[in-house]
Amino acid sequence: MAGQVDIFTFLKRRNIPDNIVHQLKDDKIDINVINVMTDEELGKYIERYGDRLALRAFCRQITGTNETTVKSGERTTAKSSLMEKIRVRLQGKGEKADPDVGPGVGNKHASKDSRRVEIGWLNFQKGKYYQVRTRQGGGTRHMSVQKTMTMEELLDIGKALFFPNGKSAKGPLKDFKFDVRDFSHCPVPLENTVQQLYDQTKLRMLRIYTCSKEKDKELSPKDATIMLSDSSSDFEPTDHRPIKTRRKQRLSVRNQPRRYHTSRIGTDHPVHHIERSSDSDEEHSTLNDDAASPRGSEKEVHYVKFRRVNIVQDVLNVFMDPRVMEVQLIMELINEKALDGEGVSREVYSAFWELFLKQCEGEDERVPRLWPDYSEKEWQAVGRVWIKGYMDHNIIPIRLSPAFILSCCQGVSSVDEELLMMSFLRYLSVTERESVEKVLEGNLEEIDEEDLLDLFSHCLPSKDNIRAAIVVMAHKALLQEPKFIIDCFHSSIHNAVPRLLTKESIMELYENKRPTNRKVAQMIKPSNESLNPQEQAALTYLLRYVRSLDQRKLEIFLRFCTGSSVLCKDSIEVTFNRLCGLSRRPVAHTCGAVLELPCTYSSYPDFRAELDSVLSGDCFTMDIL
């Protein structure tokens, strides 16, 4: 029983309570039992995950040290037993050696007629081959084939697997041309056999890719990608840079992930505006509730690249051309690994408004202020960003004052006093807001005059005129001072969305877009209705976490999952994995609003600490394809 004593001493050193140690002794839980127990069974005794891991490692160490094998009535070490087996095998081979026997002796695969292979699917897009995932009809298929089978025959098998009945998520079989590539994505001659590749690669398992490339993706030199600099509009043809675009084909959407690692981009890097024929396999569909967008009609597709560190200016460089409203934009963030199936576009709009609003006046609600380096073109471009983000992706910046937006759509006179004062209160700081609310309620005796001095520039009006003075102040701050900006916005968004004609429609839009803990919690849906206990626990932790967040962290979580800090998707699909240790982390695919959640958390505090760490870091940078 020396081994048991060692275990219990080890547990006491890890501060395991004595009653737990005694219970293990009473239940006769020794080294051999621990080695065959599941983690769930061991967890009934030892609660902390780290203690269970340490105990298993200790038992493996003891077992490896004390393992013995009985042979010929004597106990020998496992190492000695293994060496004896090797000697017996070598002697056996020597006895059976026969010069007439072929070279297959000693190689079990040489005597077989078939070999195992793995078949995957690579699809060509944006100048590269990308592996198609299982949910898109790809994945890895395992099969046993004849050693003499050629790559051409394997290609036919791959077509049947990934294009059943001649169809796939990427399009019909007839629209593609095919070849075969090996594990390193290098082309393989179609006449090569499976055995020849095994002999060449020396791999234990041969991996072959069926590679597809759309036939109409062959670009002539005139249709090649055009790179434009900052000084040239993305939609402005010049004598030296002719614009070539092609109609976007309707293809399936690939889910995009949210990433964690920082990716910094040099500030001297020029923004690239790319226009090329569509070789992407994503469908850039329109996601809007109220706005009418010509989803059924084809639009010209423009590829644009942005730098995250200069996102405001880069976006405005594109949107200063009015024709941006007539095209579909496929967006890319430079030095970040992501393909735009709407998730990247939502992230671009969100990043733009986040930085733009930091330069605006106000607190909970803000209005733009005149900037010396912004002319009429820049402000009109900002208006186009607002309306196109809403029409294409259902995104609006809800911190931009609704009174300001209504005046941009229908004129300053359309803003009544009720909406004006409601926006003005949220425009003020908390202290100023409390004082103004007391004034509006008529509780003048409760107000400390010092609280209003700064608001009225150290000159308080009389008590009879103070309410009217506040209304004038609100009108000036929200409508008069930004009047030039309102006029520029008006020229871009006036009547662009017919339903945004009244105060009620604007307020309904803001209310529908504003996330709340209840709304976001209701969006969370598991991909599978039948969950095991670990998955159910992780889902419960997630819902509890979402319901506990303050408004700012709730918006960060929503943007982490969907690419937008406002409500623009109907649901967030949750799938589960069993990642643990240093590799454990949640992964979000923003295009499809899918959250991959580990189900290996031992407690809610463990879950909360890890998700807090993710959301407090650089969680918006995209670094997974």
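A salt bridge is a side-chain nitrogen of Lys or Arg within 4 Å of a carboxyl oxygen of Asp or Glu. Keep that in mind for the views below. This is a predicted model, in which local features need pLDDT of at least 70 and side-chain atom pairs count only at pLDDT 80 or more, while totals for chains, interfaces and linings use all residues. Residues are numbered from 1 along each chain as its sequence is written, and side-chain values use heavy atoms, with hydrogens and water left out.

**View 1. Lys 519, a buried lysine without a salt bridge.** Lys 519 is part of helix H19, residues 517–523 (helices are DSSP runs of H or I, at least four residues, numbered from the N terminus). Lys 519 is buried (under 20% relative accessible area, with a 1.4 Å probe and protein chains only). Its nearest side chain of opposite charge, Glu 511, is 4.1 Å away (Lys and Arg count as positive, Asp and Glu as negative; His and the chain ends are not counted). A polar atom of the Lys 519 side chain lies 3.3 Å from the backbone oxygen of Arg 514. Setting aside neighbours within four places in sequence, Lys 519 is in contact (heavy atoms within 4.5 Å) with Glu 511, Asn 512, Arg 514 and Leu 567.

**View 2. Glu 535 in helix H20.**

**View 3. Trp 379 in the largest nonpolar core.** Such a core is a set of buried Ala, Val, Leu, Ile, Met, Phe, Trp, Tyr and Cys residues joined through side-chain atoms within 4.5 Å. This one has 78 residues, and Trp 379 is among those touching the most other members, along with Phe 306 and Phe 356, for example. Apart from it lies another core, of 32 residues, including Val 520 and Cys 599. Trp 379 also belongs to an aromatic cluster with Phe 352, Trp 353, Phe 356, Trp 371 and Tyr 374.

**View 4. Aromatic rings in pairs.** The structure holds 24 aromatic pairs (ring centres of Phe, Tyr and Trp, using its six-membered ring, within 6.5 Å; planes under 30 degrees apart are stacked, over 60 edge-to-face and the rest tilted). One of them, Phe 124 with Tyr 129, is edge-to-face, at 5.2 Å centre to centre and 70° between the planes. In Tyr 601 and Phe 607, the centres are 5.1 Å apart and the planes at 80°, so this pair is edge-to-face. Both Tyr 601 and Phe 607 are buried.

Definitions and conventions
Helices (H or I, at least four residues) and strands (E, at least two) are DSSP runs, numbered from the N terminus. Buried means under 20% relative accessible area, exposed over 50%, partly exposed in between (1.4 Å probe, protein chains only). A polar contact is a pair of N or O atoms within 3.5 Å; within protein, one must be able to donate a hydrogen and the other to accept it, and residues adjacent in sequence count only if both atoms are side-chain atoms.
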